Amino acid sequence: HSGTGKTSLVEQLSGEVKSNGGHFITGKFDHLRRAQPYTALINAFKDLCDSILEMGPAMVVKVSLAIKHAVGEQGRVLTDVIPRLTHLIGEQPKVVDANGIEAQN
């Protein structure tokens, strides 16, 4: 799919989102790291964390509280995959192992 204009489409969309006060994250699949799953997503969210951390302290606190509220007791699941998130929501307690029906879901 080389040369189909994906990058220029993403750049144009990014500009629109950012001009309207949004955040736009991107990640690129690295063929050399294909054995490591989700690298594009992990890198995109790492960049988002860095972007949030560059905001003023009041906004960082606001976003941090919103993330903590959204993830509840599952924050560790995310910080294990996206370590940079720890800079926003702090160290998270271990997640209790699911058993029985919970593990199946």
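## Salt bridges

How many salt bridges does the structure hold? In this predicted model, there are four. Let's start with a linked group: Lys46, Asp47, Asp50 and Arg84 belong to a network of salt bridges. Within it, Arg84 and Asp50 pair through their side chains at 2.6 Å, N to O. Arg84 sits in the loop between helix 4 (75-81) and helix 5, while Asp50 belongs to helix 2, so this pair ties together parts that are 34 residues apart in sequence. Asp47 also bridges to Lys46, with 3.5 Å between the closest N and O atoms. Asp47 is partly exposed at 42% relative accessible area, and Lys46 is partly exposed at 30%.

Another bridge joins the side chains of Asp80 and Arg76 (3.0 Å, N to O). These two are four residues apart in helix 4, so about one helical turn separates them. Asp80 counts as exposed at 53% relative accessibility, whereas Arg76 is partly exposed at 24%.

## The nonpolar core

The largest nonpolar core has 11 residues, among them Leu48, Ile52, Val63, Ile67 and Ile89. Helix 2 (39-53), helix 3 (57-71) and helix 5 (86-89) each give two or more residues to this core, and helix 3 provides the largest share, with four. Leaving aside residues up to four places away in sequence, Ile89 touches Ser64, Ile67, Lys68, Gly75 and Thr79.

## Surface and helix 1

Tyr38, Leu41 and Phe45 make a nonpolar surface patch of about 340 Å². Phe45 lies in helix 2 and is partly exposed, at 34% relative accessibility.

Helix 1 (residues 6-19) reaches 20 Å from its first C-alpha to its last, close to the 20 Å expected. Just after helix 1 comes Gly21, with a positive phi of about 85°.

Key
Residues numbered from 1 in each chain as written. Predicted model: local features only at pLDDT ≥ 70, side-chain atom pairs only at ≥ 80, totals over all residues. Heavy atoms only, no water. Expected span 1.5 Å × (residues − 1). Core = buried A, V, L, I, M, F, W, Y, C linked by side-chain atoms within 4.5 Å. Buried < 20%, exposed > 50% of the residue type's maximum accessible area, 1.4 Å probe, protein only. Contact = heavy atoms within 4.5 Å. Patch = residues over 30% accessible without salt bridge, like charges linked within 9 Å, V, L, I, M, F, W, Y side chains within 5 Å. Areas by Shrake-Rupley, 256 points an atom, 1.4 Å probe, with all protein chains shown as cover.
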